Amino acid sequence: MIRRNTGFSNLTAGYLFPEIAKRRREYAASHPDAKIISLGVGNTTEPLTPHITSALAKYASALGTPEGYSGYGDEQGNTALREKIARVFYGGKIAPEEVFISDGAKCDIARIQTLFGRDVNVAVQDPAYPVYVDGSVVAGAAGANTGSGYEGITYMNCTPENNFFPDLTKIQKDSLIYFCSPNNPTGAVATREQLKTLVDFANANGCIIIFDAAYFCFIRDEKLPKSIFEIEGAKTCAIEVNSFSKPAGFTGVRLGWSVVPNELKYADGSSVRADWNRVMTTLFNGASNIAQAGGLAALDDEGLAEMKSLVDYYLENARIIKSALTTEKFKSAGVEVYSDGNAPYLWVRFPNRKSWDVFDQILDQCRIVTTPGSGFGPAGESFIRFSAFGHRADVEEACRRLANLTL
């Protein structure tokens, strides 16, 4: 008999978000009259915008005609879209051939594991988006869970005490470093100086940064960098992963991209970009042609304005939630809210409490689904992530309910 991939047996629990969905279903089944509001999973809620929707519909309709039909496209993505991303988002500092179109950032992060194999050292921010860790375990780059984390993974604590930027000296040489800014789940945005420190460390120690910029569009402070490639030296040590999911509402449409610079090399001098091209042309068959038509429209002037308006909507939701969580009632109970207006998430500490206990209490008393911080790593214990993705009326109702939470 064929043996099971030991990576799956090393995983200690179900993936975080399906577990949340399971608990929500169970609660709803036992409380059928409860109107549950979600401030948990980071799934967009507002309709696609008119200019982008029109482009999607027009392309889909044209597929029903001989003139408009399209079959397989280039696995690396539509050339026009690659060129437009390089120009609009990177100001021409990135070449179109360095941009690879995909079905989303999460999928790219999983595929990236194939570039480096089982023997690579892995370092992740703690707390971190679970796929960085779980994907490493499945790929065999990490071992069993010791109770405080997986063997072979360096957990870089990012807490209020260190301004959410880790001690890089704990990272082994020749490591794959997962770094997310704005961070999911903490919402923290790395400064230009912090990213320069990270890039310099990676270059000096033979590391490669996987920079997850999926929430770049929420950054409103012009002093804060939106891309790792704004930092000198990043092209020799970084891959950037990005997505249309949050700015354009494409969580279900599925469209993202990665940037792998020509200058990025392995220890033997061979090209990482060449291998990523091979991964994309061998293990992937290209993003949906329809989705790519929507991506092109999103980068028109009208599309960019629509995306900004959509993001502004969610940022206003975040402001409303922050206001509800920073009343005197919450402050006097020692609740700490971390949110600086540049991310759709609020990272909230309930001192001396277990995250899942707070999750259950908020669900039971307020009928609100949140996300337990411990699901993002050991440093997330006692925190809850509140998501600003929601309809305005639901967010306002949730805030009224939170006022009745027992603290």
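This is a predicted model: local features need pLDDT of at least 70, side-chain atom pairs count only at pLDDT 80 or more; totals for chains, interfaces and linings use all residues.
Two packed helices are described by the angle between their axes and the distance between the axes. Helix α11 spans residues 301-325, and helix α14 spans residues 392-402. Their axes come within 9 Å. The crossing angle is roughly 10°. Angles under 35 degrees count as roughly parallel, and α11 and α14 are therefore roughly parallel to each other. On the α11 side, the contact is made by Tyr-313, Glu-316, Asn-317, Ile-320, Ile-321, Ala-324 and Leu-325. These residues meet Arg-392, Val-395, Glu-396, Cys-399 and Leu-402 of α14. By class, the contact of α11 with α14 holds eight nonpolar, one polar and three charged residues.

In soluble globular proteins, nonpolar side chains tend to be buried together. The largest nonpolar core here has 74 residues. Ile-239 and Phe-386 have the most contacts inside this core. Neighbours of Phe-386 within four places in sequence are left aside in what follows. Among the remaining contacts of Phe-386 are Ile-321, Leu-325 and Leu-402. Ile-321 and Leu-325 also take part in the contact of α11 with α14, as does Leu-402 from the α14 side. A second, separate core has 54 residues. Leu-81, Ala-86, Ile-171 and Trp-257 are among its members.

The salt bridge count comes to 17. One of these bridges joins Arg-23 and Asp-360, with the closest N and O atoms 3.5 Å apart. Arg-23 lies in helix α2 (residues 16-30), and Asp-360 lies in helix α13 (residues 355-366). The pair links distant parts of the chain, 337 residues apart. Arg-23 has 25% relative accessibility and so counts as partly exposed. Asp-360, at 34%, also counts as partly exposed. Glu-19 joins Arg-23 and Asp-360 in a network of salt bridges.

Lys-84 and Asp-300 form another salt bridge, with the closest N and O atoms 2.4 Å apart. Lys-84 lies in helix α4 (residues 79-88), whereas Asp-300 lies in the loop between α10 (289-298) and α11, so the bridge ties together parts that are 216 residues apart in sequence. Lys-84 is buried, with a relative accessible area of 12%. Asp-300 is partly exposed, with a relative accessible area of 25%. The side chains of Arg-111 and Asp-103 also meet in a salt bridge, at 2.8 Å from N to O. Arg-111 counts as buried at 13% relative accessibility. Asp-103, at 22%, counts as partly exposed.

The backbone includes cis peptide bonds. One joins Asp-126 and Pro-127, with omega about 10°. Pro-127 sits in the loop between β3 (121-126) and α6 (130-139). Another joins Ser-181 and Pro-182, with omega about -10°. Pro-182 is found in the loop between β5 (175-180) and α7 (192-204).

Positive phi values occur at Asn-163 and at Arg-254, each a residue other than glycine. Phi of Asn-163 is near 55°. Asn-163 lies in the loop between β4 (153-157) and β5. Its relative accessibility of 59% makes Asn-163 exposed. Phi of Arg-254 is near 70°. Arg-254 is placed in the loop between α8 (245-248) and β8 (256-259). Arg-254 counts as partly exposed at 28% relative accessibility.

Conventions. Residues are numbered from 1 along each chain as its sequence is written. Side-chain values use heavy atoms; hydrogens and water are left out. Axes are lines fitted to C-alpha atoms, for helices over the stretch in contact, and angles run from 0 to 180 degrees between N-to-C directions. Helices (H or I, at least four residues) and strands (E, at least two) are DSSP runs, numbered from the N terminus. Angles under 35 degrees count as roughly parallel, over 145 as roughly antiparallel, 65 to 115 as roughly perpendicular and the rest as oblique. Contact means heavy atoms within 4.5 Å. Ala, Val, Leu, Ile, Met, Phe, Trp, Tyr, Cys and Pro count as nonpolar, Asp, Glu, Lys and Arg as charged, and the others, Gly among them, as polar. A nonpolar core is a set of buried Ala, Val, Leu, Ile, Met, Phe, Trp, Tyr and Cys residues joined through side-chain atoms within 4.5 Å. Buried means under 20% relative accessible area, exposed over 50%, partly exposed in between (1.4 Å probe, protein chains only). A salt bridge is a side-chain nitrogen of Lys or Arg within 4 Å of a carboxyl oxygen of Asp or Glu.
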